[in-house]
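Please read them with the structure at hand.

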Amino acid sequence: MKQKNNLPPVKIAVLIDGGFFVKRFNSLYNKDRKMTGAQVADHLYTMAMKHVGNNNTLYRIFYYDCLPLDKKVHNPISKKLVDFSNTDEYKFRMELLETLKRKRKVALRIGTLKDNHNWQIYPGRVKELLSGKKKLEELKDSEIFLDVQQKGIDMKIGVDIATLALKRFVDTIVLFSGDSDFVPAAKLARREGIDFILDPMQANVEPQLFEHVDGITSLGPFNNKKKQ
């Protein structure tokens with residue numbers, strides 16, 4: 001006979017690094033990129049709520065990301081004008097954010113996107129160029145990308161972790177991330193008695209990170225679960 005869980009409910013905050021989440025989600029569950037932004041947002045919410053469970057309380061889901069690039073630039077290979085606001089990626093990202101805005105207990109934390117005004121070649125093509133398998137003049141538009149960087153995301157995650165821990169808003173923090181930059185904030189939260197769980201979405205985790213979290217669990221949108 002199954003015993004009832006008599007443990008008191010705990011309050012849980014789920015923090016999601018948006019750039020990391022989308023990259024891993026597409027790699028694992030959306031390889032053909034046929035899902036819409038709204039569908040991915042629904043799966044994100046499901047994955048977050050799996051960590052909360054039926055017996056606990058969700059404090060809030062915090063989603064950290066930047067607005068997608070919307071500028072117009074000329075591709076240096078073909079010299080064609082590229083309007084990023086008219087790309088599939090832009091539409092996907094905006095639909096994802098707009099859908100999350102309408103979800104209950106979801107808070108968006110928006111950083112800034114810095115354009116470094118440089119075009120770079122994808123690593124796979126660089127290897128081919130260096131090995132002589134490909135010539136520079138054979139590069140295609142799709143084999144280069146504009147170098148942009150997210151700014152302020154790590155800081156916002158760290159500040160929220162510290163605030164949640166020091167003000168005792170929650171008992172447990174779940175972080176979807178694969179970045180070791182969160183470690184100082186995680187250590188602070190644990191010193192304050194917070195249970196800190198990492199969901200790396202099945203990505204490899206550096207061995208030294210295990211000592212700075214209370215558990216590592218990857219929960220997918222379907223019936224898959226991976227503990228580490």
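1. The model is a predicted one, and its largest cavity has a volume of about 30 Å³. Helix H1 (18-29) and strand E9 (215-219) are the elements that give two or more residues to the lining of this largest cavity. With the threshold set at 30 Å³ or more, the count comes to one cavity.

2. The residues that line the largest cavity are Leu28, Tyr29, Met47, Met201, Gln202, Ser218, Leu219 and Gly220. Sorted by class, this lining of the largest cavity holds five nonpolar and three polar residues, and no charged residues are found in it.

3. Turning to the open spaces, the largest pocket has a volume of about 970 Å³. It is lined by 27 residues, of which Glu89, Arg93, Tyr122, Leu146 and Val148 are the closest to the centre of the pocket.

4. Several elements contribute to the lining of the largest pocket, with at least two residues supplied by each of H1, strand E2 (57-66), helix H3 (88-101), strand E5 (106-121) and strand E6 (144-151). E6 provides the largest share of that lining, namely six residues.

5. The lining of the largest cavity, by comparison, has no charged residues.

Key. Residues numbered from 1 in each chain as written. Predicted model: local features only at pLDDT ≥ 70, side-chain atom pairs only at ≥ 80, totals over all residues. Heavy atoms only, no water. 1 Å grid on protein atoms, 1.4 Å probe; cavity = no way out; pocket = protein on both sides within 12 Å on 5 of 7 lines; lining within 4 Å. Points joined across faces, edges and corners; volume = space filled by probe spheres on them. Helix = DSSP H or I, 4+ residues; strand = E, 2+ residues; numbered from the N terminus. Nonpolar A, V, L, I, M, F, W, Y, C, P; charged D, E, K, R; others polar.
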